[in-house]
Amino acid sequence: MDKFVCLEGLVAPLDRANVDTDAIIPKQFLKSIKRSGFGPNLFDEWRYLDVGEPGRDNSSRPLDSDFVLNQARYRGASVLLTRKNFGCGSSREHAPWALLDYGFRAVIAESFADIFFNNCFKNGLLPVILPADQIDELFRLVEATPGYSLVIDLENQQVRRPDGQSLSFTVDAFRWECLLNGWDDIGLTLRHADSIRSFEECRRRQKPWLFAGA
């Protein structure tokens, strides 16, 4: 997965609490296990005025002009600002895939559902937890300031506002190291590739009958 060190990005405000994973990526789009291609259907039932289906051309679908991601001022946003308990509901890993495929690299919220929170780190999406009062202030600033951007510095665990104020957040040491280095579960295993090969070569010599048909 891609490393996350420091991001400066436009902020899109999704002023809703308890956003579940079926809202993030509806169930009919879960047929694919590829990690790409889900961005056009992120928040599908909120973005479009009709019912989306897998494989459908989204370019001609009617848009809900009131939905935040359909507003021109938030086009190209890479930071999603939202409310508490984001990512609740079923444990689909497609939810962070869809957010990443759309272009988001970080989500800022008061709290996250546990499974979604874990899935974010495994896929290179940074979930940032801030207190409710700081979230409220960010919503006010984003809505009042077209083009409002934040710097999210994972290395120093800070969100920096354009006015110079820094907001601190915490990521546990293991997740912090993995995301900084771009290590997902496979990447963590491959760090030990030499030791794994050495073990297998030794095992082949000691018990060749196990490899007779290989």
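This is a predicted model: local features need pLDDT of at least 70, side-chain atom pairs count only at pLDDT 80 or more; totals for chains, interfaces and linings use all residues.
Residues count from 1 along each chain as its sequence is written. Local features need pLDDT of at least 70, side-chain atom pairs count only at pLDDT 80 or more, totals for chains, interfaces and linings use all residues, and side-chain values use heavy atoms, with hydrogens and water left out.

**Exercise 1.** Work out the strand order of the open sheet and identify its edge strands.

Solution. Helices (H or I, at least four residues) and strands (E, at least two) are DSSP runs, numbered from the N terminus. Two strands pair if DSSP finds at least two bridges between them. The seven strands run in the order S4-S3-S2-S1-S5-S6-S7, with mixed pairing. Strand S4 (126-129) and strand S7 (166-168) are the edges, each pairing on one side only. Neighbouring strands are turned by 30° on average, direction ignored. Axes here are lines fitted to C-alpha atoms (for helices, over the stretch in contact), and angles run from 0 to 180 degrees between N-to-C directions.

**Exercise 2.** Trace the step from S3 to S4 and give its handedness.

Solution. Start with the pairing: S3 (residues 106-109) joins S4 in the parallel sense, over four bridges. Ala106 stands opposite Leu126. Val107, in turn, faces Pro127 of S4.

**Exercise 3.** List the buried residues of H3 and H4, and find what packs on them.

Solution. Buried means under 20% relative accessible area, exposed over 50%, partly exposed in between (1.4 Å probe, protein chains only). In H3 (residues 94-102), the buried set is His94, Ala95, Pro96, Trp97, Ala98 and Leu99. These pack against helix H1 (21-24), strand S2 (79-81), S3 and H4. In H4, the set is Phe116, Phe117, Asn119, Cys120, Phe121 and Asn123. Their cover includes H1, H3, S4 and helix H6 (173-181). Now check the helix ends. Gly103 follows H3 with a positive phi near 130°.

**Exercise 4.** Find the residues with the most contacts inside the largest nonpolar core, then examine Ile152.

Solution. A nonpolar core is a set of buried Ala, Val, Leu, Ile, Met, Phe, Trp, Tyr and Cys residues joined through side-chain atoms within 4.5 Å. The largest has 55 residues, with Phe43, Phe86, Leu99, Leu126 and Ile152 making the most contacts inside it. Contact means heavy atoms within 4.5 Å. Setting aside neighbours within four places in sequence, Ile152 touches, among others, Phe4, Val79, Ala106, Leu126 and Phe169.

Definitions and conventions:
A crossover is right-handed if, with the strands pointing away from the viewer, the path from the first strand over the helix to the second runs clockwise.
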